[in-house]
Structure formats: structure tokens, C-alpha cells
Amino acid sequence: MRKILFSILVCLALGSWANPVDELLERIDKGASAKFKTELVKSEKDFFELDQKGSKVVVRGNTWVNIASGINWYLKYYAGIHLSWNQMQAKLPAVLPAVKAKERHETDLTLRYDFNYCTFSYSMAFWDWERWEQEIDWRALHGVNLPLAIVGEECVWRNMLLKLGYTEEEVGKFIAGPAFLAWWEMNNLEGWGGPLPLSWYSRQEKLQKQILARMKQLGMHPVLPGYSGMVPHDAKARLGLNVADAGLWNGFQRPANLLPTDPRFAEIAKLYFDELTKLFGKADYYSMDPFHESNDDASIDYAKAGEAMMQAMKRVNPKAVWVIQGWTENPRPQMVDGMKAGDLLVLDLFSECRPMFGIPSIWKRPEGYKQHHWLFCLLENFGANVGLHGRMDQLLDNFYGPKNQCKGIGFTMEGSENNPVMFELMSELPWRPEKFKKEDWVRQYVKARYGVDDPLIERAWLLLARTIYNCPAGNNQQGPHESIFCGRPSLNNFQASSWSKMKNYYDPYSTYEAALMMNSVAEKYRGNNNFEYDLVDITRQALADQARLQYQRAIADYKAFAVREFESDYRRFLLMLLMQDKLLGTRSEFRLGHWTQAAIACGATPDEQKLYEWNARVQITTWGNRYCADTGGLRDYAHKEWQGLLKDFYYPRWDAYFNALADQMKALQKPQPDLLGGGPNASKTAAELFQMALPQEVTLDYYAIEEPWTLRQNPYTAAPEGSPVDVAREVMELIK
């Protein structure tokens with residue numbers, strides 16, 4: 001009898017401890033779990049349900065993640081509390097608003113994925129467990145049950161390469177640095193940003209184990225990194241392997257691809273999976289993206305390659321599913337057409353803009369993914385660039401269109417911690433079976449985000465939803481409209497990065513008008529964290545858009561040879577840039593210090609701190625060495641409108657450029673050689689003389705200006721300075 005009683009007590013104790021949603025609620029607000037009653041209910045259908053029992057709000061669901069989704073729904077639409085990257089804690093009311101009528105939401109989209117490989121470098125490169133814990137909570141609240149989990153992949157590779165006979169020095173030359181691991185993992189480059197200190201491997205192994213434990217506690221299914229045939233580019237000479245040379249990626253040496261016909265393919269794949277399993281256990285899903293962003297290679301039998309990779313994965317777990325990104329040429333039909341339905345899960349990476357699954361787009365595949373299951377994904381952000389951006393109508397049109405074989409959704413952003421409105425919208429789509437108008441949803445979102453009803457705030461957001469957050473079909477730009485401040489200066493500056501495909505689609509007055517409305521009520525909501533974050537972000541966008549117009553005025557002055565007007569207008573542009581720096585300094589999320597301080601904190605020694613800070617600085621500026629930055633086109637791909645970076649990196653570029661134009665104008669006012677009197681230009685043709693008469697671009701060595709900043713160690717702080725409300729008002733005075 002005592003044994004039975006003891007067993008019952010243990011079970012009760014374990015049951016109490018094993019409720020991960022209660023623990024999540026306690027992280028949101030101490031004591032919050034006592035205000036809710038959560039009930040895990042068996043069901044063949046994914047659902048969450050809101051109910052009331054006495055003074056407690058009841059949230060039921062068939063999984064812990066679905067219950068967490070219900071908690072989030074309740075907080076937003078009953079309590080007016082919106083939890084996002086800029087706010088993952090909140091003070092709940094002493095008595096929660098009652099659920100007056102039972103509310104139930106169901107979905108057939110049972111798989112809800114999170115993360116792009118790039119996110120792990122552009123946003124998470126230096127996260128510690130505290131930040132990861134918040135992110136996992138965000139995932140649960142937003143329904144994610146299939147998260148990519150590649151932290152510590154470098155630990156697996158180090159162990160594997162050492163067993164293959166590589167030295168620590170050779171491993172260091174192969175594995176990339178912390179800020180560039182994603183592109184090493186995707187077979188794009190070797191070694192850049194390294195070598196990694198041994199302490200880094202210990203740190204990441206411990207961190208990944210914490211991440212996986214929490215994911216599993218919540219009932220998530222981590223997607224671990226599988227083996228797709230990548231080997232160091234010298235593997236043919238070093239190990240005698242039969243490989244396909246992958247060549248260069250934007251100037252970087254790519255790893256080689258081990259051919260599936262090599263007799264050692266199965267052996268090396270097994271070694272990799274053994275080391276992965278030893279460190280992090282087995283998984284039901286493995287991510288593999290072979291031949292990423294590469295042209296077809298006649299030396300590769302893609303069907304056999306796919307078969308070899310699938311077999312290697314199935315030996316680890318016969319029930320495992322291969323997760324692959326639907327991006328450019330991948331997944332190659334010849335690689336996956338012969339595979340069984342259910343063995344492959346395709347992430348349609350850019351469903352809101354360039355879907356492959358049948359809706360008209362430049363990447364349309366007439367037969368979609370054929371027999372294979374896939375997920376409808378929101379990419380939204382490239383390079384973790386800062387800027388308001390979205391495709392609301394296109395997202396809704398595509399999502400509520402035909403989706404044969406679609407099993408869920410995915411967040412596949414290259415950079416996180418931006419545009420919370422778009423990710424909130426995406427997270428709710430599985431739970432909303434009927435198509436709705438974006439305007440109706442935005443009204444609900446605004447009330448949930450700020451916890452108030454305010455007609456002016458609502459008008460501001462409806463304006464943004466119709467303009468900058470409604471990038472139309474046919475516009476294929478990669479993420480936000482890039483800030484004029486962040487691009488290398490020229491007479492025709494438009495986009496900052498090489499591949500952004502920017503195209504004008506909204507009137508810059510619309511963001512100015514939205515900022516006016518937000519600022520007009522700002523004093524009333526001083527101290528409202530979500531409001532102040534959005535106030536800064538929207539005012540930042542308005543200033544960036546007005547600065548683009550100011551730049552055009554300065555360039556028009558130069559072309560008109562209006563010397564005094566040029567000086568006045570370019571100086572005003574530089575003043576706007578510095579004002580942007582001041583505005584962004586009022587929020588830690590927009591400060592360079594939050595990135596560099598996290599990098600430095602990873603280091604245990606001054607040398608490690610220096611390496612990690614260099615990684616952090618290079619990634620957001622030059623990205624690569626001189627060749628990769630300039631000829632490869634990688635510079636400014638991950639540009640940021642951040643306090644500190646604007647003042648110390650972008651300002652010197654623009655100042656040098658405008659000074660060079662001013663010097664050119666002064667030189668042209670001095671006596672010139674007579675073009676027809678035997679001077680150096682006397683032999684030029686009429687066409688050449690005509691070309692010389694046009695305004696001339698100045699040529700500056702931008703890399704020489706940029707690289708010294710990447711090598712510095714001057715400190716930047718994450719601590720905000722000044723009031724968002726007060727500084728936003730200053731900005732509006734400047735640009736009125």
C-alpha cells in the first residue's frame with residue numbers, strides 16, 4: 001500500500017513539474033500560471049480551446065505547443081498583451097478577463113517550421129541560453145513544433161574530421177567563424193571567420209543540449225542537420241575521395257561534394273551520423289540541402305546522390321523525414337522524383353512572393369512538388385536588414401489558394417527580430433480557415449499590440465498596411481526597401497546590396513504620414529514598450545524615406561552645378577543620417593552594441609573576444625575580404641540601420657563622397673586647358689568630348705574606408721540613450 005501511495009505521489013509531482021506551459025507562463029510573469037488552467041487532451045485533430053472555470057482561464061489543446069498557441073491567442077485578443085521579440089515579458093492583470101463563450105480553433109496544418117540556415121548567423125550567431133530560452137518560448141506561443149536545430153553542427157564536424165585524420169589546424173581552416181557558420185553549413189564557403197577556438201565547441205555543445213532539452217519538453221520535433229556529401233575541397237588529395245569540385249561562391253572557396261558512387265560515401269555518412277547521434281541524439285527530421293545555389297554538374301548523378309543521402313538518413317532512423325529547402329534549383333527533380341511520398345518534406349522558402357507550388361510566379365513548377373509534402377513558408381527578410389516590409393495581400397492570396405500536399409507553414413526568414421506584424425499574421429493563418437481582409441486583421445492586431453483602442457494609431461497602421469506592408473505581386477525584391485544611408489555612395493544610389501532587386505512600390509509620403517499620426521499620440525503612450533518600439537521603427541522608416549528624397553536633391557544640385565545649394569543639401573542629408581543614429585539609440589534593439597556586446601561576451605580570452613567581435617563587424621559591413629566584398633558583391637548584404645553603425649561606418653563613406661564631389665566642382669571652377677588649342681584633349685573625338693562634358697562620377701576606394709572599422713575594438717553599448725518619444729519628435733521637426 002505504501003509503495004502504491006508513493007507511486008501516486010511521484011506521478012503527481014512529476015505531472016506538476018512536467019507542464020512546460022506553466023513554466024513558460026512563469027517566465028512571462030511571475031505567478032501567471034496560477035491564473036490559468038491548462039489541459040492536455042487527446043485528439044486526432046490539432047486544436048486549442050479557450051474556456052472559463054471559475055476565476056481561471058482554461059486553455060485546452062492536444063499538444064503543449066497548441067496549448068501555448070491558445071495562451072498567446074488569449075493574451076492578444078482578451079488581455080491586450082502582445083508578446084514578441086521586443087517584449088517577451090508582461091504584467092498580467094490581477095484578474096484575467098473572462099472567456100464568456102468557449103472558443104475553439106482547429107487546423108489540418110500540423111507541421112509548423114521555424115528558421116532558415118541564415119538566421120543562425122544573421123541573428124543568432126552569438127546568442128546565449130537566456131536569449132535562446134526566450135526564442136523557444138516565442139516559438140511555442142506562435143505554434144512552432146518543427147524547429148531547425150543546427151547549433152553545434154560544427155562540433156559534429158570537428159569530431160568527424162579528426163577521426164578521418166585531419167589535424168586541429170586543418171579543421172580550423174575548414175570550419176567557418178561564428179558569424180559565417182550558416183554558409184559553411186550550406187556548402188558555400190570554407191574557413192572564413194575562423195579558426196574557432198576549442199572553447200567555442202564546448203560552448204555550442206552545451207548550448208545545443210539545453211536547446212534540445214527544452215524543445216523536447218514542449219513536445220517539439222527538432223530538425224537536426226543531416227549529411228549531404230559535403231567534404232573539404234582538398235578531400236580528393238587528402239583522403240583519396242571521388243569528389244565534384246564545387247568551385248567558388250562569390251569569391252569564396254566552396255567545399256567539394258563527395259560523389260554518391262564513391263565506395264566510401266556510406267562510410268563517411270555513417271561516421272557523421274554516429275557523431276551527431278552521440279552528441280545530440282536521434283531525430284525524426286533531418287535537414288539536408290545538397291548542391292545549394294550551384295549550377296548543374298554533369299559529373300553528378302543526382303538520382304543516385306539523393307538515394308545515397310536518403311539511405312544514410314534512414315539507417316539512423318527508418319521513420320525519419322528529409323527536410324529540404326525549395327530554393328532556386330533545389331530540390332532538383334532528378335534527385336527526388338523517385339523517392340516515396342512522406343520521406344521528403346520541402347520548405348517552399350518564399351511562398352509569399354515566389355512560390356514553386358503552382359501559383360503563378362517566376363519560380364513556378366507546373367507540377368509543384370509532385371508526390372512530396374511541403375510547407376508554405378514566409379521568408380520576408382534577407383540579410384536581417386532593418387526596414388518596414390510585407391506582402392500582406394499576396395501572403396493571404398497565396399495562402400488561401402490551392403495547396404495540394406501542403407502539410408503546414410514555416411518561418412524561413414534570413415534575419416529575425418524585425419517586422420513583428422508579418423510574423424504574427426503568418427502564425428495565425430493555420431488557425432483561421434476562412435480568408436479575411438487584411439484591414440480587419442490589422443485593427444485586431446493594433447488593439448492587441450498596444451492594449452488600447454486609438455483611432456489615430458489604427459489609421460496609421462491601416463495606411464502602412466495599404467502601402468509599405470503591401471508589396472505587390474510581380475515585385476520580387478528581397479526584403480525591406482533598403483535605406484539610402486546604408487549603400488555605398490554614388491550618383492545613382494538606389495539599393496544597398498547587390499541582389500536586393502528593389503523596385504519602388506509605395507509613396508514615401510505614406511510612411512511620413514504614418515509617423516506623423518504615431519507621433520501625435522506619442523505622449524499619451526509614453527512607457528508603452530510596444531508602442532515606443534514601433535514609434536521608433538516607423539519614424540526611422542519615415543526619416544530614411546525622406547533622406548532618399550534629400551539625396552536626390554543633393555545629386556540634382558551637383559548635376560546642375562549649383563554649388564551653394566549642393567553644399568546646403570548634402571549637409572542636410574548628413575544631418576539626417578546623424579539624427580537617425582540618435583533616434584535608433586533610444587532602443588537597445590536598434591543599437592550596434594546589442595550585437596557586438598553579445599559577440600564579445602562569447603569570448604573567454606582577449607584573443608577570442610577580438611575574433612568574435614571581428615566576425616560581428618565584418619558580417620554586417622564588408623561580409624568578405626576585398627575580392628569577395630567588391631567583385632563577389634557581398635558587401636553590405638547584411639547592412640543595418642543601427643545606432644553606432646550609422647555614425648561610425650556609413651557617415652564617413654557619405655562624407656568622403658560628398659567632399660569628393662565638392663572638390664571636383666571647385667576644380668572645375670579653375671581655368672581649364674583649351675580643348676581646341678593643343679591641350680591634352682585636343683585629339684579627342686566629338687563623342688569623347690561630349691562624354692567629358694557630363695557630370696563625372698568620383699571613384700573612391702570604399703573597401704579601404706571600410707576595412708579599418710572592422711578591425712577596431714572601440715566599445716559600443718546596448719544600453720538605450722534618450723527618450724524614444726522625445727527624439728522621435730525631434731526627427732519629425734527635422735523632416736517636416
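Author: The questions below concern this predicted model and ask what lies behind each label.

Reader: Why is Lys-370 called partly exposed?

Author: Its relative accessibility is 33%. Buried requires under 20% and exposed over 50%, so Lys-370, at 33%, counts as partly exposed. Lys-370 is found in the loop between β15 (344–348) and β16 (373–378), and its phi is near 55°, a positive value in a residue other than glycine.

Reader: What makes Glu-417 partly exposed?

Author: The reasoning uses the cut-offs of 20% and 50%. Glu-417 has 30% relative accessibility, which lies in between, so Glu-417 counts as partly exposed. Glu-417 lies in the loop between β17 (406–411) and α15 (420–428) and has a positive phi of about 65°.

Reader: Where does the largest pocket come in, and which residues are closest to its centre?

Author: The largest pocket has a volume of about 900 Å³. Of the 37 residues that line it, the closest to its centre are Trp-127, Arg-131, Glu-417, Glu-589 and His-594. The largest share of the lining, six residues, comes from α21.

Reader: Why is Glu-482 said to have no salt bridge?

Author: A salt bridge needs a side-chain nitrogen of Lys or Arg within 4 Å of a carboxyl oxygen of Asp or Glu. The nearest side chain of opposite charge, Arg-548, is 6.7 Å away, so Glu-482 has no salt bridge. Glu-482 is buried, and the residues it touches include Asn-385, Phe-494 and His-639.

Technical notes. Residues are numbered from 1 along each chain as its sequence is written. This is a predicted model: local features need pLDDT of at least 70, side-chain atom pairs count only at pLDDT 80 or more; totals for chains, interfaces and linings use all residues. Side-chain values use heavy atoms; hydrogens and water are left out. Buried means under 20% relative accessible area, exposed over 50%, partly exposed in between (1.4 Å probe, protein chains only). Lys and Arg count as positive and Asp and Glu as negative; His and the chain ends are not counted. Contact means heavy atoms within 4.5 Å. On a 1 Å grid over the protein atoms alone, a cavity is a set of points where a 1.4 Å probe fits but cannot get out, and a pocket is an open set with protein on both sides within 12 Å along at least five of seven lines; lining residues have an atom within 4 Å of a point. Grid points are joined across faces, edges and corners, and a volume is the space filled by probe spheres set on the points. Helices (H or I, at least four residues) and strands (E, at least two) are DSSP runs, numbered from the N terminus. Lists of a residue's contacts leave out its neighbours within four places in sequence.
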